[in-house]
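Could you walk me through this structure, stop by stop? I have it open in my viewer and would like to know what to select next and what is there.

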Amino acid sequence: MLHKEILASAGLSAAELYSGTLDNSAITICSPIDGAELAVLKPTNPSAMPVTMELAQTAFEQWRTVPAPRRGELVRLLGEELRAAKADLGALVTLEAGKIRSEGLGEVQEMIDICDFAVGLSRQLYGLTIASERPGHRMMESWHPMGPCAVISAFNFPVAVWAWNAALALVCGNPVIWKPSEKTPLTAMATMKIVERALARFGDAPAGLLQLVIGGADIGDALVSSKKIAIVSATGSTRMGSLVGPKVAARFGRSILELGGNNAMIVAPSADLDMAVRAIVFSAVGTAGQRCTTLRRLFVHESIHDILVEKIRKAYASLPIGNPLDAGTLIGPLIDQPALQHMQNALEQARQQGGGVFGGEVVTTGVPDGAYVKPALVLMPAQREVVKHETFAPILYVMKYTTLDEAIHLQNDVPQGLSSCIFTLNLREAEQFLSAAGSDCGIANVNIGPSGAEIGGAFGGEKETGGGRESGSDAWRAYMRRQTNTINYSSQLPLAQGVKFDF
């Protein structure tokens, strides 16, 4: 009954939840909490995608001429509606994605925060004034709307990542088409109801400004391949990005890729170990290890290795595992049974490669019928091949190091480059870690874990993480096109670089 109450509170009707028939095209949505069926949806028909994209293009031609502060007003209203719906949408995130209550609410808070950020941004889309070498001339740069933006989001942050993109895209003058993960479309459907309320209050937004499509790879490919989609923001695996990036590039589109992370922490001899343990535990097991910024590799100085490992083992033993809807639960389920099997396969590989595994057992007692598992601590003799591969589960590989140079080399010696951190009270170590010769990741922290980024900073990573940036700082520029302008207010026509062309 609780499941139905959460769905109803989010505004999802029985007709919407059972819009499909049990055939090969239907998408059946089950809660990771207990495997209960939540919906059977009819996916978007691929033949309808050209109409969807044409509608977005028409909306773009109108929306790009709306003053940016007015566009920001729509985002402000969206933020207000999200505040009012925070509890209901947060509960639905828990039900559909398996996050604990506070993380479900925290995800909606991220949506609210990025709306606040984008409203201010709507009055700050400015370029530079540039000194011209020619007398009587002025140079400047302008930023203009880019075009329809497709957002392809993943199950682990089913609504926040859309908001990161949509809030910025809207104030930058772009319509948005959203394709959520087929594992978590209900949160997207509920979010669009919130969007509709904001649009109704706004009053004069063009039709097709914000659209939702539901389906699998065929729907995503239609967005990725179409020249009508100026920007594709895709969050998911490195494998997915390796397909999306070249397709978008082949048609000279723009992609924002947020892909795999294999995030590390270095714990130096001077570290505050109690603080480090708190950061390690949350970063490694929060969201059941299913964040792109989850801590997966821990490099500990040999002088404190045994002490720190014992502290982590004691902390792991105290963590409540169970129904994420229950108060007090800290570790909910993995998204599905295949995810659980991937975790078990990785642990077996770690054993074969010399690792000592503590934890990682499947949990079946005292929990609902879902994919529950104990977090795993794996003591590795070296950074073997299994460590360099990201497994989306609560596995923490622990390795010793002797010198900071060695630790930084090990941290960087993986294909991914998203988030990283060091725990140290030594200023020299902290500054070396943040220097050009330090971490090669898009995010590098000191005395804070790699997980839980704030929206004020640009989010994203390097190497096989894709190189994209979303959210704060100047990430907005990815949603606009730059134009360099030269204005001649003189009566002469001098050429640049002193070129003479008299006739």
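This is a predicted model: local features need pLDDT of at least 70, side-chain atom pairs count only at pLDDT 80 or more; totals for chains, interfaces and linings use all residues.

**Stop 1: the five-stranded sheet**

Start by colouring the strands of the open sheet whose order is S7-S6-S5-S8-S9; its pairing is parallel. At the edges you will find strand S7 (210-212) and strand S9 (254-258), each of which pairs on one side only. On average, neighbouring strands in this sheet are turned by 15° against each other, direction ignored.

Now zoom in on strand S6 (residues 176-179), which runs parallel to S7 and is joined to S7 by three bridges. Select Ile177 and look across to S7: the bridge partner there is Gln211.

Next, show helix H6 (residues 160-171), which packs on this sheet and touches strand S5 (149-152), S6, S7 and strand S8 (231-235). The direction of H6 makes about 170° with that of S6.

**Stop 2: two helices side by side**

Keep H6 on screen and select helix H4 (residues 68-97). The axes of H4 and H6 come within 8 Å and cross at roughly 150°, so H4 is roughly antiparallel to H6. To see the contact, show the side chains of Ala68, Arg71, Gly72, Leu74, Val75 and Leu78 in H4, which meet Trp162, Ala167, Leu170 and Val171 in H6.

**Stop 3: aromatic pairs and charges over rings**

How many aromatic pairs are there? The count comes to six. For one of them, select Trp164 and Phe459, a tilted pair with 5.0 Å from centre to centre and 55° between the planes.

Now go to Phe501 and Phe503. Their ring centres are 6.1 Å apart and their planes stand at 75°, so this pair is edge-to-face. Phe501 counts as exposed because its relative accessibility is 63%, and Phe503 counts as exposed at 92%.

Two charged residues deserve a look here too. Arg70 lies over the face of Phe202, 3.8 Å from the ring centre. The charged end of Lys99 sits over the ring of Phe157, at 3.4 Å from its centre.

**Stop 4: the seven-stranded sheet**

Move on to the open sheet of seven strands, ordered S12-S15-S16-S11-S10-S18-S19, with mixed pairing. Strand S12 (356-359) and strand S19 (443-446) are the edge strands. Neighbouring strands here are turned by 20° against each other on average, direction ignored.

Pick out S10 and S18, which run parallel and are joined by four bridges. Ala264 has Ser420 in S18 as its bridge partner. Helix H14 packs on this sheet and touches S10, S11, S16 and S18, its direction making about 170° with that of S10. Also select H15, which lies across S10, S18 and S19 and runs at about 175° to S19.

**Last stop: the buried residues of H14**

Which residues are buried in helix H14 (residues 404-412)? Select Leu404, Ala407, Ile408, Leu410, Gln411 and Asn412. Among the elements that these buried residues pack against are strand S16 (395-401), helix H15 (427-434) and strand S21 (462-463).

Note on methods
Residues are numbered from 1 along each chain as its sequence is written. Side-chain values use heavy atoms; hydrogens and water are left out. Two strands pair if DSSP finds at least two bridges between them. Axes are lines fitted to C-alpha atoms, for helices over the stretch in contact, and angles run from 0 to 180 degrees between N-to-C directions. Contact means heavy atoms within 4.5 Å. Buried means under 20% relative accessible area, exposed over 50%, partly exposed in between (1.4 Å probe, protein chains only). Rings of Phe, Tyr and Trp (its six-membered ring) pair if their centres lie within 6.5 Å; planes under 30 degrees apart count as stacked, over 60 as edge-to-face and the rest as tilted. A charge sits over a ring if NZ of Lys or CZ of Arg is within 6 Å of the ring centre and within 35 degrees of the ring normal. Angles under 35 degrees count as roughly parallel, over 145 as roughly antiparallel, 65 to 115 as roughly perpendicular and the rest as oblique.
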